[in-house]
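Colleague: I'm new to this one. Could you walk me through it and tell me how you reach each conclusion?
Modeller: Happy to. Let's look at it together.

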Amino acid sequence: MNTVVVTGGAGFIGSHLVQELVELKQHVHIIDNLSTGSAGKVHPAAVLHVEDIRSPAALQTIISLKPDTVFHLAAQADVQQSVSNPRLDMEINAGGTLNMLEGCRKAGVRKFIFASTSGVYGNLDKDFLDETDTAMPISFYGLSKYAAEHYIRLYGQLFDVDWTVLRFANVYGPGQTSKGEGGVVSIFLNQLLQDKPLTINGDGEQTRDFIYVKDVVSALSAAQSSDSRDILHVSTGAATSVNRLVALLRQYHSLDITTHNRSARAGDIRNSCLSNDRIRSRLNWKHKFSIEEGLRETYLHFIKPVS
Ligand code: NAD
């Protein structure tokens with residue numbers, strides 16, 4: 001049985017990944033300090049090491065386990081937090097990644113897979129991005145993730161640790177909290193649960209590429225068996241506006257949904273959509289869930305349908 005480590009395995013995306021890996025009969029160890037994740041999300045078949053990715057203990061865990069693959073998802077993933085505390089963000093996202101890479105080098109890990117973000121691009125004057133576009137982060141979060149990508153590339157070049165960097169679009173799905181990245185779906189669903197109006201920033205015509213968490217998991221899993229060192233988007237390649245999300249929720253919800261528009265947030269990107277041509281050709285991966293299907297599953301998970 002393959003031994004794998006999932007950092008951040010007690011978080012939103014990590015807990016879905018762990019479930020899949022356990023189903024694939026892999027022997028899963030999780031490194032997570034439970035800062036935003038919770039032990040309750042951890043699959044009973046996985047072993048949880050409550051450790052900080054920056055710590056000597058986490059480094060030692062990787063060295064002792066000698067896993068085949070490390071899926072590195074643990075991060076400080078809150079953009080606002082990165083702006084208010086850039087040092088902490090850098091220490092976790094760049095320094096913590098470096099610590100995990102050092103563990104991989106010493107343990108002879110075959111494959112390092114990194115959860116990166118479309119946030120590395122910043123505010124490019126382009127609605128549809130591919131992996132050759134210039135990264136010009138506009139938050140410390142984007143910058144620390146971008147720095148981590150380069151540490152990974154160099155560990156591959158200098159120490160022969162194989163890697164794949166996956167830049168996720170806006171991920172949504174069951175188990176997401178309203179904090180961190182890509183939270184508009186969970187924010188809306190929490191507002192619905194509390195019978196509050198949905199808060200729309202600006203006119204709601206801004207678009208994002210929303211990718212369902214099960215598709216993200218299948219991309220992470222596909223990366224495990226690839227031996228190419230690539231930076232790849234995990235996206236649908238389709239733009240969905242915030243107003244469209246509201247319209248879909250109105251179809252699923254039998255009660256009235258009210259909305260409240262407030263002023264657009266300064267610095268917010270207007271449109272963001274990521275090409276997925278490269279991951280299709282390199283990993284033979286394609287998303288399975290349209291926004292209609294993924295949002296419906298997420299809705300049903302958050303809110304019991306009203307009969
Ligand atoms: P999450 O906050 O639910 O999960 C992060 C996990 O990492 C949590 O369980 C947390 O406890 C753990 N963690 C944080 N700091 C740690 C540290 N110093 N040591 C050990 N564990 C630590 O977030 P998520 O949405 O599941 O994100 C997972 C990854 O995907 C992150 O790397 C994030 O940057 C990336 N990502 C997420 C999205 C999105 O839309 N959710 C988009 C792009 C990229």
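**Where the domains meet**

Modeller: Between them, domain 1 and domain 2 bury about 1900 Å², and 48% of that is on carbon and sulfur atoms. Keep in mind that this is a predicted model.

Colleague: Which residues of domain 1 supply 35% of the area it buries against domain 2?
Modeller: Phe12, Asn170 and Tyr212 do, more than any other three residues.

Colleague: How do you know where domain 1 and domain 2 lie in the chain?
Modeller: The domain assignment gives 3–170 + 211–234 for domain 1 and 172–209 + 238–273 + 288–302 for domain 2. Taken over C-alpha atoms, their centres are separated by 25 Å. On the domain 1 side 21 residues take part in the contact, and on the domain 2 side 20 residues.

Colleague: What makes Lys214 and Glu297 a salt bridge?
Modeller: The cut-off is a side-chain nitrogen of Lys or Arg within 4 Å of a carboxyl oxygen of Asp or Glu. The side chains of Lys214 and Glu297 meet at 2.9 Å, N to O, so the pair qualifies. The count between domain 1 and domain 2 is one salt bridge.

Colleague: Why is Leu143 called partly exposed?
Modeller: Its relative accessible area is 44%. Buried means under 20% and exposed means over 50%, so Leu143 falls in between. Leu143 is found in helix H5, residues 140–159.

Definitions and conventions:
Residues are numbered from 1 along each chain as its sequence is written. This is a predicted model: local features need pLDDT of at least 70, side-chain atom pairs count only at pLDDT 80 or more; totals for chains, interfaces and linings use all residues. Side-chain values use heavy atoms; hydrogens and water are left out. Helices (H or I, at least four residues) and strands (E, at least two) are DSSP runs, numbered from the N terminus. Buried means under 20% relative accessible area, exposed over 50%, partly exposed in between (1.4 Å probe, protein chains only). Domain bounds come from an automatic or database domain assignment. Contact means heavy atoms within 4.5 Å. Buried area is the accessible area (1.4 Å probe) that two parts lose on being put together, summed over both.
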